[in-house]
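Open your viewer, keep the selection tool handy, and follow along stop by stop.

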Amino acid sequence: MHTALVRRRKAAERRFRAYGAGALILSLGFLVLLFTNIIGTGASAFRQAYVRLDVDFAAAELSPDGRRDPETLAAANYPGLVKAAVRAMFPEVTSRGEQRDLQELVSSGAAFQLRDQVLADPSVIGTRASVWVPASALLDGLLKGSYDRSAPEAERRINDRQIAWADRLAADHRLELRFNRILFTNGDSREPEQAGILGAVMGSLFTMLVTLALSFPIGVAAAIYLEEFAPRNRWTDLIEVNINNLAAVPSIVYGLLGLAVFINFLGLPRSAPLVGGLVLTLMTLPVIIIASRAALTSVPPSIREAALGMGASRMQTVLHHVLPLALPGMLTGAIIGMARALGETAPLLMIGMVAFIVDVPGSLTAPATALPVQIYLWADSPERAFVERTSAAIIVLLAFMVLMNLLAVILRRRFERRW
């Protein structure tokens, strides 16, 4: 009888281990599937198709009156230069419809690139030079295999003429894939090949700076008071219960609160990183307070008793002995809370950071968006070329979050003391 019980207990233990291993394998499988899908879709966004044009920087087009001041050069007809260079490569294209299809192979951003080149070096005026300019999303997608050449022409956006022209460009070595620096140097755009994440990254950076500057000192101060100085009564118990409940409140509720208080009541600017940082501060505070209190609790009571026994005051004991020992745990909790705030979208949508922002923000009050919101906007776009840019932005966001969590682990292992 005893032997049968032992066998059943060991069999139950083996089943439990098998269930745990199966759950772990299933979780890893879903994680690998997620990363495979995101990386497989977004890796192509880090490369962009470029077309080589032989541009005639004619003085008659750029400065007809002979003036070469920045205002005159900036207002020149650069789209006309691009169109002339494209037509020169295909002189047999004469009909208006074919010329329109031909111009669709080059990005509208090519004119801005020529403008910047002329403004940076006006000596190119009157010369002829080969310039690599970004191709349109249509040609970029064809080069990356997004369109099935064998499909009927009515079932794809790019027609047979454009495919033939693209093949001629490739045969003449005028078409190639290069590193997509535009993705990291531009703000948002309606044109997929001109859309970048710099504006969203800067908006997230300003928002996180406000969040960190407010949430960490306030959260640590609140934790120190509750753990070291507050009397134990029903009021402190009520505060602790509410802090624990606030940590589980859906993030969109904080967005509604920020909309009502910071924008409608205080009149702060809409779509600004300042308001976004204030909202995320409210959301992050409970997490930092709970983590800071746990770090303070982990400091042995003997540290406090020894300091008090040596004649230190209560404040000196906390600031000079307890706080330095608890600080690594507090920093870890703050970084994890900031990583959570970095990935939030719902509260930022409620305060207007979902607006289409082209310019890169330069201050805390400038209109801005955030990286998670940029991902939301691109995912909702009907343009096919935004699909890969959405996944690329997700890769960048995940990289930031992994780095922040890695920093938290390094700080914990580097400074944590076991008692």
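Is S271 buried or exposed? Select S271: at 9% relative accessibility, S271 counts as buried (buried means under 20% relative accessible area, exposed over 50%, partly exposed in between, with a 1.4 Å probe and protein chains only).

Before moving on, note that this is a predicted model, where local features need pLDDT of at least 70, side-chain atom pairs count only at pLDDT 80 or more, and totals for chains, interfaces and linings use all residues. Residues are numbered from 1 along each chain as its sequence is written, and side-chain values use heavy atoms, with hydrogens and water left out.

**Stop 1**

Helices (H or I, at least four residues) and strands (E, at least two) are DSSP runs, numbered from the N terminus. S271 is not a glycine, yet its phi is positive, about 65°. Most residues other than glycine have a negative phi. Now select H173, in the loop between α8 and β3 (175-179). H173 is not a glycine either and has a positive phi of about 60°, but H173 counts as exposed, at 62% relative accessibility.

**Stop 2: a buried asparagine**

Next, pick N159 in the loop between α7 (137-143) and α8 (160-171). N159 is buried, with a relative accessible area of 13%. What does the side chain of N159 make a polar contact with? Show the side chain of D101: the two side chains are in polar contact at 3.2 Å. A polar contact is a pair of N or O atoms within 3.5 Å; within protein, one must be able to donate a hydrogen and the other to accept it, and residues adjacent in sequence count only if both atoms are side-chain atoms. The backbone nitrogen of R161 also lies 3.2 Å from a polar atom of the N159 side chain.

**Stop 3: salt bridges**

A salt bridge is a side-chain nitrogen of Lys or Arg within 4 Å of a carboxyl oxygen of Asp or Glu. By this rule the count comes to 17. Select E92 and R168, whose side chains meet in one of them (2.6 Å, N to O). E92 lies in the loop between α4 (78-89) and α5 (96-103) and R168 in helix α8, so the pair ties together parts that are 76 residues apart in sequence.

Finish with K144 and E388, joined by a salt bridge of 3.1 Å, N to O. K144 sits in the loop between α7 and α8 and E388 in helix α18 (residues 386-415), 244 residues apart.
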